[in-house]
Amino acid sequence: MEHLITASEVKNSGRPIGKMVDEQKLTSYISETEQLQIKPVLGDSLFLTICKEMEKDESVRDSRITTLLNGGEYIDKHSQCENEEKYFNGLKVTISYFVYAQNLMSGDYETTRFGTVLKTDDYSTHITDKQRSDDYNNVMEIANAYLKECVAYCKAVGLIKSHGKSKINFGGISIKKIG
């Protein structure tokens, strides 16, 4: 099964990632993102449908899936303002942001036969752990917001059926009771 986005697309979508970043690393981050961030939110059925549609020629692909992947405009008939026109960035940009966040957290660490090391050279200065954590949290917040927009699109066009007041988990924590 192919991924929803390639490593080269990740480098050019969303926040730019350096040209010298190992594509094998990015591909593993893409796989993790699809399995741990995208599939649990969209559901196995829709995720598999998207993967099957990706195998088809673009001329015969379901236009809703193409729009979901690439983003675009749509009419939300169920919004507060009837027939409200909306825009979203799509799953490829969303995945790109999740991958960027993972690369940010582990980007310059390398696993070697001597253990995990931090690669450095004479011309670079590394950011502090606090800066890295702050940037990661910022990028994850953006990625989750884009994912919510994708889910809203899926509901608007009938790819996801809403059942009552079910709430989709986008990660993070929620405190139920203190004490």
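**Starting from helix 4**

Helix 4 has four names to look for on its buried side: Ile65, Thr66, Leu68 and Leu69 are its buried residues. They lie on the same side of helix 4, because they cover an arc of only 160 degrees around the axis. Please keep in mind that this is a predicted model.

**Around helix 4**

- The cover over the buried residues of helix 4 includes helix 3, strand 2 (84-88), helix 5 and helix 6.
- Leaving aside neighbours within four places in sequence, Leu68 is in contact with Ile50, Phe88, Gly90, Leu91, Cys150, Tyr153, Cys154 and Leu159.
- Just after helix 4 comes Gly71, which takes a positive phi of about 80 degrees.

**The nonpolar core**

- The largest nonpolar core has 42 residues, and Leu4, Leu42, Ile50, Leu68 and Leu91 have the most contacts inside it.
- Two or more residues of this core come from each of helix 1 (7-12), helix 2 (23-42), helix 3 (44-55), helix 4 (63-70), helix 5 (91-106) and helix 6 (129-157).
- Helix 6 gives the most to this core, with 10 residues.
- In soluble globular proteins, nonpolar side chains tend to be buried together.

**Helix 2 meets helix 3**

- The axes of helix 2 and helix 3 are 6 Å apart, and the two helices pack at an angle of about 115 degrees.
- That angle makes helix 2 roughly perpendicular to helix 3.
- Helix 2 makes this contact through Glu34, Gln35, Ile38, Lys39 and Leu42, and helix 3 through Asp44, Leu46, Phe47 and Ile50.

Terms used: Residues numbered from 1 in each chain as written. Predicted model: local features only at pLDDT ≥ 70, side-chain atom pairs only at ≥ 80, totals over all residues. Heavy atoms only, no water. Core = buried A, V, L, I, M, F, W, Y, C linked by side-chain atoms within 4.5 Å. Buried < 20%, exposed > 50% of the residue type's maximum accessible area, 1.4 Å probe, protein only. Contact = heavy atoms within 4.5 Å. Arc of directions from axis to C-beta. Axes fitted to C-alpha atoms, helices over the stretch in contact; angles between N-to-C directions. Parallel < 35°, antiparallel > 145°, perpendicular 65-115°, else oblique.
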